[in-house]
Protein chains: 2
Amino acid sequence: MKIAIAGAGAMGSRFGYMLYEAGNEVLLMDGWPEHVKAIQEKGLHVVLDSGEVNSQIPISLFSESKGGFDLIIIFSKSMQTEQVMRSCRHLINDYTYILTLQNGLGNIEVIEKYVPKNRLLAGVTTYAAELIGPGKIQALGSGDTHMMSVDGNMSTDLIRIVDVFNDANLNPKLSADVFTSIWTKVAFNAALNPLCTLANNTVAFVGSYKNIKEVVSVIIDEILLVAQAEKVRLDRDEVMDMIFSVFDPAMSGHHLPSMLQDIQNGRKTEIDYLNGAIVKKAEQYNIPVPNNRLIYHMIKMLEKTAVSTEV
Amino acid sequence: MKIAIAGAGAMGSRFGYMLYEAGNEVLLMDGWPEHVKAIQEKGLHVVLDSGEVNSQIPISLFSESKGGFDLIIIFSKSMQTEQVMRSCRHLINDYTYILTLQNGLGNIEVIEKYVPKNRLLAGVTTYAAELIGPGKIQALGSGDTHMMSVDGNMSTDLIRIVDVFNDANLNPKLSADVFTSIWTKVAFNAALNPLCTLANNTVAFVGSYKNIKEVVSVIIDEILLVAQAEKVRLDRDEVMDMIFSVFDPAMSGHHLPSMLQDIQNGRKTEIDYLNGAIVKKAEQYNIPVPNNRLIYHMIKMLEKTAVSTEV
């Protein structure tokens, strides 16, 4: 299958690498020149749990990418989705599927301006990866990938894509309700990422705070109300279990969420697509969400500090 | 007048210095040996707006303090009040007045176990100071000091104390309702200090955040409800004006609140006596205070990070 990865950060590179090594024709695309150059000259360096490998996977800047693709996987940060879609427009033909595996709310709404709903796939993945530096990523453990067509219809093309993911060990699962999957991950991230960022510490550390259950609950309960208004089925126990499972230091508990890494590196965070998106939707329905609102504002202030002091 | 200052940090030292230089018999008391030793050996170094001075004001460790005093002014951090009062017990006689000018709620309740209400004075001051190092403080601008007897009764002793403060240029004002003064300052600190601390930036920076009015309002409105339940008259406009006046960089806007300095230096903060005290009182009255509660928990988490990573 001919696959382009739009956004070759840690996760895009990991997926690209796995699909490429499984025999697909893969092109990574990114907008960071040093990263693109490093991979073009020395290959993609992947630190796996089992050792280190080098992959000769092709990469190009968005502006230099060419060709028609069967599948384009969007892995950019949510604030870049619009720009990435504009940069990918020339790669989309009448048969191209777009799959977003991005975090946060609002990406589907942007992407569906560029592709019909029956060729727009969405999903979430529990795979994790970290960008070590230009051309270098670390692949963390294993995971699975839930996905579905946004219109809810199964097709032979979708089954073909699932097969390709299967062959690449990406553990694809067709999601009965992909919006439930997306919102579950949004709830997970909207609780964990800002708390770790404001506490300036790891997931395990935040999990060890004696009142953590109360703090997480008030955030999640607000998100459940908004999900309900949006007619998205969200299971409170599932979300809470997901959150509390990662507090275990044996899980990814030692991990610094990307939001905290963004702040530490003077970058903007994805808060607008997590708690910020919840607050916006809550306003439409007149649902009070004081906890998500305060968290949103505090991350925005901290982000402003971080971006202004970045050297 | 024979005056002891319990807690010779930045503010205690500044008040002690001003009262001493006005001709009173003043003893600073503190528990930090390096600070006490520095002042005993080299005097108290005070950086004023008008230049630097050295004062030969006496100081001793709490454990080595002796004598009976007309007035003991408590300037310790709120979490140390109980311990400080125990250390001062032997200095209190039947004529001793205790004045607390500390921040936060809960100090009066502790001190009134050690002195009758008619000799317990409370107040707030707008004077500011910073501790530069052992034996060194910086006095910032001017200010005034609102105070009153906790039982609300005027006495000739109180008027004498006000005269002494006047002679020392401490600009004393008898407060019609000292609880209003205390709660006004608590509201001010409960909004400003945690926001600056979570944003990791100055008062002026937080003041420049575009949604700051909304963020401050939700915190203050909760505190107003709790004050009302406590039968403390608190004026919303006065509190908001007080907060918005310091956002001006020409005021103390460049200032890092002590709570942020505490976090940066790996120390515990006064959050338990600000938002934490509001949350506790709100629980008694069944008043929902989600914003103060979340702020409390986030500062506690950040405090845990700060204290655990302090070197």
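## Overall build

Chain A is made up of 12 helices and 12 strands; helices here are DSSP runs of H or I with at least four residues, strands are runs of E with at least two, and both are numbered from the N terminus. Keep in mind that this is a predicted model, where local features need pLDDT of at least 70, side-chain atom pairs count only at pLDDT 80 or more, and totals for chains, interfaces and linings use all residues. As for bookkeeping, residues are numbered from 1 along each chain as its sequence is written, chains are lettered from A and ligands numbered from 1 in the order in which they are written, and side-chain values use heavy atoms, with hydrogens and water left out.

## Size and packing

The C-alpha trace of chain A spans about 50 × 45 × 35 Å along its principal axes. Its radius of gyration is 19 Å, which agrees with the value near 19 Å for a compact globule of 311 residues. That radius is taken over C-alpha atoms, and the globule rule is 2.2 Å times the number of residues to the power 0.38.

## Surface and charge

Chain A exposes about 13,100 Å², and carbon and sulfur atoms supply 50% of that; the areas come from the Shrake-Rupley method with a 1.4 Å probe. Chain A also carries 27 positive and 35 negative charges, and their mean positions are 5 Å apart. Lys and Arg count as positive, Asp and Glu as negative, while His and the chain ends are not counted. Each charge is placed at NZ of Lys, CZ of Arg, CG of Asp or CD of Glu.

Where the two meet, 15 residues of domain 1 are in contact with 18 residues of domain 2.

## Two loop residues in chain B

B:N169 isn't a glycine, yet has a positive phi of about 60 degrees. This residue lies in the loop between α5 (156-167) and β12 (172-174) and is exposed, at 52% relative accessible area.

B:K231 also has a positive phi, near 60 degrees, in a residue other than glycine. Its loop runs between α8 (212-229) and α9 (236-246) of chain B, and B:K231 counts as exposed at 75% relative accessibility.

Definitions and conventions. Contact = heavy atoms within 4.5 Å. Buried < 20%, exposed > 50% of the residue type's maximum accessible area, 1.4 Å probe, protein only.
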